[in-house]
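Please examine the sequence and the structure shown below.

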Amino acid sequence: QVQLVESGGGLVQAGGSLRLSCAASGVIFSMYNAGWFRQTPGKDREFVAAITWSGTNTYYTDSVKGRFTISRDNANNTVYLQMNSLKPEDTAVYHCAAHYRTNNEVAIRNSERYGYWGQGTQVTVSS
């Protein structure tokens, strides 16, 4: 049974930092791309960042480039999202997700291509 469990969310002031973690089990994690998506009430899930199975390639939505960094540790089946210079508009529930490896960037940015999801962790940025 595949499980993805996020941690590291919380309340932070604007300009602060948080590091999200996503621990995977039940899957050969090194064969899967991993992504972070976020969602606010009434809105669709939004792509934030993704990393390919080996960690070679990373992808970001424009609004977080230069502030967020995605990384992974395949030895420990974990993917991270380092979030710096946080803004109130970053407030959302952040979900990690995994899908079988591909280099197709369109697929990597598409939430519908991800078959495994975590429950999410709340990130709240106060102004």
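**Briefing: strands, cores and loops**

A34 has I51 in β5 as its bridge partner. The model is predicted, so local features need pLDDT of at least 70 and side-chain atom pairs count only at pLDDT 80 or more, while totals for chains, interfaces and linings use all residues. Residues are numbered from 1 along each chain as its sequence is written, and side-chain values use heavy atoms, with hydrogens and water left out.

Strands and helices are DSSP runs, numbered from the N terminus (strands: E, at least two residues; helices: H or I, at least four). Two strands pair if DSSP finds at least two bridges between them.

- Five bridges join β4 and β5, which pair in the antiparallel sense.
- The hairpin of β4 and β5 has six residues between the strands, and G42 takes a positive phi near 85° there.
- β5 also pairs with β6 in the antiparallel sense, over three bridges.
- Within that pairing, T58 in β6 stands opposite I51.
- The hairpin of β5 and β6 has six residues between its strands, and G55 in the turn has a positive phi of about 85°.
- Five of the six residues of β5 are buried, and the strand is thus mostly covered. Buried means under 20% relative accessible area, exposed means over 50%, and partly exposed lies in between, with a 1.4 Å probe and protein chains only.

**The open sheet**

- Four strands form an open sheet in the order β1-β3-β8-β7, with antiparallel pairing.
- β1 (3-7) and β7 stand at the edges with a single partner strand each, so one side of each has no neighbour in the sheet.
- From one strand to the next, the twist averages 15°. Axes for such angles are lines fitted to C-alpha atoms (for helices over the stretch in contact), and the angles run from 0 to 180 degrees between N-to-C directions.
- β7 and β8 run antiparallel and are joined by six bridges.
- Y80 in β8 stands opposite S71.

**Nonpolar cores**

- A nonpolar core is a set of buried Ala, Val, Leu, Ile, Met, Phe, Trp, Tyr and Cys residues joined through side-chain atoms within 4.5 Å.
- The largest nonpolar core has 28 residues, of which W36, L81, M83 and Y94 touch the most other members.
- The elements that give two or more residues to this core are β3 (18-25), β4 (32-39), β5 (46-51), β7 (68-73), β8 (78-83), β9 (92-100) and β11 (121-126).
- A second, separate core has seven residues, among them F37, F47, I108 and Y114.

**Aromatic pairs**

- The structure holds six aromatic pairs. Rings of Phe, Tyr and Trp (its six-membered ring) pair if their centres lie within 6.5 Å; planes under 30 degrees apart count as stacked, over 60 as edge-to-face and the rest as tilted.
- Y32 and Y100 form an edge-to-face pair, at 5.6 Å centre to centre and with 90° between the planes.
- This pair links distant parts of the chain, with Y32 in strand β4 and Y100 in strand β9, 68 residues apart.
- Y32 is buried because its relative accessible area is 14%, whereas Y100 counts as partly exposed at 43% relative accessibility.
- F37, F47, Y114 and W117 are linked into a cluster by ring pairs.

**The loop between β6 and β7**

- T61 is placed in the loop between β6 and β7.
- With a relative accessible area of 17%, T61 is buried.
- Apart from its neighbours within four places in sequence, T61 is in contact (heavy atoms within 4.5 Å) with E46, F47, V48 and R109.
- D62 is found in the loop between β6 (58-60) and β7.
- D62 counts as exposed because its relative accessibility is 61%.
- The side chains of D62 and K65 are joined by a polar contact of 3.1 Å. A polar contact is a pair of N or O atoms within 3.5 Å; within protein, one must be able to donate a hydrogen and the other to accept it, and residues adjacent in sequence count only if both atoms are side-chain atoms.

- N77 is not a glycine, yet it has a positive phi of about 50°.
- N77 lies in the loop between β7 and β8 and is partly exposed at 24% relative accessibility.
- S85, also not a glycine, has a positive phi of about 50°.
- S85 is found in the loop between β8 and β9 and is partly exposed, with a relative accessible area of 40%.
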